[in-house]
Amino acid sequence: MSRPAALELLVVTGDQTWTDQLLGCAAVRASRLRLSVCSTLAEARAALQERAPDVVLIALRLRDGPWTALWANGRPERPCVVLVDAGDASFVTAALERGAIDYLVGLAALTPDIPRVVERALAEWQRVRAAEPAGHAAASSEASASASQDAEKLYRDVLDAAPALVYVFDVAGRCALVNKRVRDFMERPERELLGRTRAELGLTPRSIEEHREYDQDVILRGAPRSYKERNVDPRGRELVYLTHKFPLYDREGEVFGVGGISTDITAQERAVEELMESEARFRRAFETTGHGMALVSPEGHFIKVNQTFCDIVGLTVDEMLEIDFQRITHPDDLRLDLEHVQRLLRGEIDSYKLEKRYIHQRGHVVWVILSVSLVRDAGGGALYFVSQVIDITDRKKVEEALAESEHKYRSLTANFPDSVVRFDRARRHLFANSVASAALGRRVQDLLDRTHRELGLPDDACALLEAVIDAVFETGETRVAIIEVALGEPRTMEWRCSPEFGADGSVASVLGIARDITEKRRMEEKLLASQKMDSIGNLAGGVAHDFNNMLTGIMGSASVLELLERDPDKRLHVHNILVSSERAAELTKKLLAFGRRGMALERAVNLNDVVRETIEILARTIDKLIELELLLAPALHVVDADPSQMLQVVMNLCVNAAEAMPRGGVITIRTANVEPRVETADGRARPASVTLEVEDTGVGMERDVVLRAFEPFFTTKREGGHSGAGLGLAVVYGIVSSHGGELDCDSKPGRGTRMRVYLPRGAGERATAKEPREFVARARGRALVVDDEDVARETLRAIVEYLGFDVIEARDGREAVERFQGHHDALDLVLLDLKMPRQGGVDAYEEMRALDPSVPVIILTGYGTPEDAQALLSMGVKAICLKPYTVAKLSRVLRESVPELPWRSGSSDAP
């Protein structure tokens, strides 16, 4: 099927907006219309000359004349449809009489119907033209008259059906047209309205002046005007109208009147005013309330927030409007909040209220009470949430503080290690904690409203406590008393009674705290004994130090003399001096170890030797009812350890075992080599070790006691009267740990205790019973010797010179630094005493090292601690030689610490 031929449509209008709408209308573009658009009569005439349009759509008035001026005789030569506004209804009849086929009112709404209007106009034109030969004039006149009557009735019906007031006033201000709405409003028939002025119609002066001003403006501008006006109807009701006024033109294009359409918007205005008033009230409440307020979209985004809410979370209004509420909600509170939001959206609840946390911009938590409701539209759809936020952070802090205080109070009183009670004036118990009830052997509820006498406490203890309580009630001051109580066994209690004041300022009750100080007193006694031992140890260490200096002169001189003397008889006497000196030196070592002042350094130690030395001491001191049994490994590996500290370990373990056997028993001491294997509780691999076990057949210990056995000052007391030393096992644990070892304890009540020490196997060879005699090695060089003791310094000088060195002497640290400053370039080594007046050895060494760190320095001392030795070696000291020393000992130390010197073998029988 072929497509219908296109229809040429000429559109002549000055309304550009409607023209654009027409050209863009989908219905028009899809039709068979081909449009030509003109905005003036001149353009339209030119278009008519170029082509012959099938239909012409033309406005009643154009800029350059009325629509009829398009044709020479004033009548259309083509099918013509006139375009009119609502106010041009009175001209429709005249247009139809002048030859228009049809008309359109309300262009915007009718745009999609243009194709149909064109088809209808073309068909009507063809029908009329076809009938013209038979009686063209008569038919045309009859048709025009009929169309005019139909149009007149149509427009009258339209005007009367309009819901607004429609009226026309001529330029003289007289009423020319009114519809039914106007007649009803004025409550007068049309004949009493037409031809009358507004004053004659009874309008108020203000309304008359207002209409006059707007009419004049419309006439002068030739353009419509809209505004709001307020009128009073005959019944005195004030009404609000939205009025649209427009100019009316005659056939010559002159304005002959002003049309008006007034729509009653009183109800809408009142609703708007109420809404605005409500909005203003809401806005004032929203902005000025002391609580945070927010409008939130169903998706959670902030739509509107007040400043208070912004202050609560530390953000600005603009920042809040860019985020959702999830961004500032504490993660732990988000799930519950979202659940309530979903219930609101589902309609399960109308609102909700909860306590939640926000995260402040600065990172801290803000507690709030959040109240949320949902606003819906007329169809029930969700519009937005209204949220009210009350900051309760301070209240929460107070509540938490109160709760914490209450918890602390209850925990303090319930779990306080001391008895806590409250007394009234009759000395009855108002409160007691669990410790007090356990001490008295009664339930807490059995203590309340009863006195200590009624509970069966001894009379003397009750009398003293009652006196203290009465004194606190009378004076309002805290009192303390020491009360001895026999509850199963004698105990010493320290009672501290304090006043508790009532609202009137008087003492309402007395708070008593009773502390068991029995063990404290025992510990004080032990501490006093320990302090005495420390004093003795200090004295012993000081004496040993002086003895070391003396023995240094004796042993050093004797060793030089032995090397120089060739007479065998004299050498024998010198040898006896050396042997006696060595025994005296061993004594000083024990004194220094006792006083914890020995400059002990780790070396290869055989624990069997340590055990035997310990047994020699224990055999003369422990109870004769205790038997000592030794099971020592014959080929025991050495350990790298401090011999004196190992002696202390064995001694403490044995003494502890002896005290666990008040009625006698057996102490078994074992040593053994342990190969690497996995045997620790946590499955770690234990390296090759040497073990020392001390086992007793004593009273043993409970498991909870075993777990605390190595705590400082922890002690036990058994029925047999045994009390632990309190510090012995703690010292053992510290020494073993410092040597990289481990300590195990296996004990059961009534079955004794076994202590096992694991020490890493040493890197050296097995220890032998006696070291081989040393050789004296000699060299050449220059040495600086420093000692404040004249005899010790002279002895040291003789030994060093014997070893082949030229010697420079110094009496103290300050002089040593001066000598060193002048001769350090020529010095091969420095032998420096540690304890000296004016300036000690450490300070002198630091100054020497600053001057020339390449000169080797050997420290000579007999007094100090292992920590001192380690500190000196870490500072760069080459070696430490302990006093007293012999030629051979000093020769070995120098040879090992300064091997770069030209050493050569000397005598082989050096002591």
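Trainee: How many bridges join strand 33 to strand 35, and which way do the two run?
Mentor: Four bridges join them, and they run parallel. L784 stands opposite V830 in strand 35. Two strands pair if DSSP finds at least two bridges between them. Helices (H or I, at least four residues) and strands (E, at least two) are DSSP runs, numbered from the N terminus.

Trainee: Before I go on, what is the model, and how are residues numbered?
Mentor: It is a predicted model: local features need pLDDT of at least 70, side-chain atom pairs count only at pLDDT 80 or more, and totals for chains, interfaces and linings use all residues. Residues are numbered from 1 along each chain as its sequence is written, and side-chain values use heavy atoms, with hydrogens and water left out.

Trainee: Back to strand 33. What about strand 34?
Mentor: Strand 33 (residues 781-786) and strand 34 (residues 805-810) run parallel, joined by six bridges. G781 stands opposite F805 there.

Trainee: Which helix goes with strand 33 and strand 34 in a β-α-β unit?
Mentor: Helix 24 (residues 790-802), and the unit is right-handed. Right-handed means that, with the strands pointing away from the viewer, the path from the first strand over the helix to the second runs clockwise.

Trainee: And strand 35, how many of its residues are buried?
Mentor: Five of the five, residues 829-833, so strand 35 is largely enclosed by the rest of the structure. Buried means under 20% relative accessible area, exposed over 50%, partly exposed in between (1.4 Å probe, protein chains only). L829, L831 and D833 point one way, V830 and L832 the other.

Trainee: What does strand 35 do with strand 36?
Mentor: They pair in the parallel sense over four bridges. L832 has I859 as its bridge partner in strand 36.

Trainee: New topic. How many cavities of 30 Å³ or more are there?
Mentor: Two. On a 1 Å grid over the protein atoms alone, a cavity is a set of points where a 1.4 Å probe fits but cannot get out. Grid points are joined across faces, edges and corners, and a volume is the space filled by probe spheres set on the points.

Trainee: How many of the lining residues are nonpolar, polar or charged?
Mentor: 10 are nonpolar, one is polar and two are charged. Ala, Val, Leu, Ile, Met, Phe, Trp, Tyr, Cys and Pro count as nonpolar, Asp, Glu, Lys and Arg as charged, and the others, Gly among them, as polar.

Trainee: Now H330. Is it buried or exposed?
Mentor: H330 is buried, at 13% relative accessible area. It sits in the loop between helix 12 (325-328) and helix 13. Leaving aside neighbours within four places in sequence, H330 is in contact (heavy atoms within 4.5 Å) with R357, Y358, I359 and V365.

Terms used
On a 1 Å grid over the protein atoms alone, a cavity is a set of points where a 1.4 Å probe fits but cannot get out, and a pocket is an open set with protein on both sides within 12 Å along at least five of seven lines; lining residues have an atom within 4 Å of a point.
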